[in-house]
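Student: Could you show me how to read a protein model, one feature at a time?
Tutor: Gladly; let us open the model and begin with a single residue.

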Amino acid sequence: MRKRKKTLPGVTRRQLLSYSAATLAIGAGAGAKAATLTGAPGWQPFAHNPVETFADADGGWLFFNPKEVATLEAMVERFIPADELSVSGKDAGCVVFIDRQMKSFYGTFARLYREGPFQEGTPEQGDQSPLVPQQRYRIGLADLEDYCRTTFQKTFPELPAEQRDQILTGLEKGDIKLANIDGKLFFKQVLDNTMEGFFADPMYGGNRDMVSWKMIGFPGARYDYRDLIEQHNQDLHLTPVSIGGSEQWKTKG
């Protein structure tokens, strides 16, 4: 049997490791010096690790067809209706965001483990559906149109706002059954992506004109807050900055 190595008298190995880590941290902190940048930085955001984004295809859509777009816009308009605080989810570009996401690796869950078995799990186990987002939207939107035509003889966008709210509530609670997809799953998919599109960086297609960031006072991806760190519970009147940089960043000094 191997003997444990001895440490200093009265000092355990755990304490010794803690002291060593603290010493390294103090040394690193003492040697670190902050630098202040002026003018345009000498780099471009994501120059070495580009983010997956998609430019407009001649102003068109990359995944959804016009009928699907109309239904989705009618949905996000009810999820985030226009009011005195902001524009609607439709006008904020949430459907543009979702459309771009469907063309990305997210649309096919390309970066997730996708092997079976697929079976209903507990809420703690999360999403267990075999359908990837592209399939959920394509099937769910078609099923929703069939349900509305059968029940009301109209498409979802043609229904008044109150009736659209009733349908969305029915999907959320599981009271409305769609033919080929779980209505609650479809509802959650659209709602989650709508919220993501409303609050995400505008470089992904949503949050048009940074409307949600301006609404909540989020300053965006600024790199230096040292001059503001002591100002608490104040409106700093900062113009939000995208991850892709501001116009000042893109101007050579």
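**Reading a helical model**

Tutor: E68 is found in helix 2, where helices (H or I, at least four residues) and strands (E, at least two) are DSSP runs, numbered from the N terminus. Residues are numbered from 1 along each chain as its sequence is written. This is a predicted model, in which local features need pLDDT of at least 70 and side-chain atom pairs count only at pLDDT 80 or more, while totals for chains, interfaces and linings use all residues, and side-chain values use heavy atoms, with hydrogens and water left out.

Student: Is E68 buried or exposed, and which residues does E68 touch?

Tutor: Buried means under 20% relative accessible area, exposed over 50%, and partly exposed in between (1.4 Å probe, protein chains only). E68 counts as buried because its relative accessibility is 9%. A contact means heavy atoms within 4.5 Å, and, when residues up to four places away in sequence are not counted, E68 touches F63, R138 and L141.

Student: How many helices and strands does the protein have?

Tutor: There are seven helices and zero strands, so that the order along the sequence reads α-α-α-α-α-α-α. Of the 253 residues, 31% count as buried, and among contacts with a separation of 6 or more, 61% are accounted for by residues 24 or more positions apart.

Student: What span should helix 5 have, and which of its residues are buried?

Tutor: The expected span of a helix is 1.5 Å times one less than its number of residues. For the 13 residues of helix 5 (residues 161-173) this gives 18 Å, which agrees with the 18 Å between its end C-alpha atoms. The buried residues of helix 5 are R164, I167, L168, G170 and L171. Seen down the helix axis, these buried residues fall within an arc of 155° and therefore line one face of helix 5, the arc being that of the directions from the helix axis to the C-beta atoms. They pack against helix 2 (66-79), helix 4 (133-152) and helix 6 (183-199), whereas E162, Q166 and K173 are exposed on the other side of helix 5.

Student: What follows helix 5?

Tutor: Helix 5 is followed by G174, which has a positive phi, near 85°. G174 is found in the loop between helix 5 and helix 6, and G174 is buried, with a relative accessible area of 13%. In space, G174 and K184 are 5.6 Å apart, C-alpha to C-alpha, although ten residues apart in sequence.

Student: Which helix gives the most to the lining of the largest pocket?

Tutor: On a 1 Å grid over the protein atoms alone, a pocket is an open set of points with protein on both sides within 12 Å along at least five of seven lines, and lining residues have an atom within 4 Å of a point. Helix 6 gives the most to the lining of the largest pocket, with nine residues. The lining has 24 residues, of which G126, D127, Q128, D182 and L185 lie nearest the pocket centre.

Methods: On a 1 Å grid over the protein atoms alone, a cavity is a set of points where a 1.4 Å probe fits but cannot get out, and a pocket is an open set with protein on both sides within 12 Å along at least five of seven lines; lining residues have an atom within 4 Å of a point.
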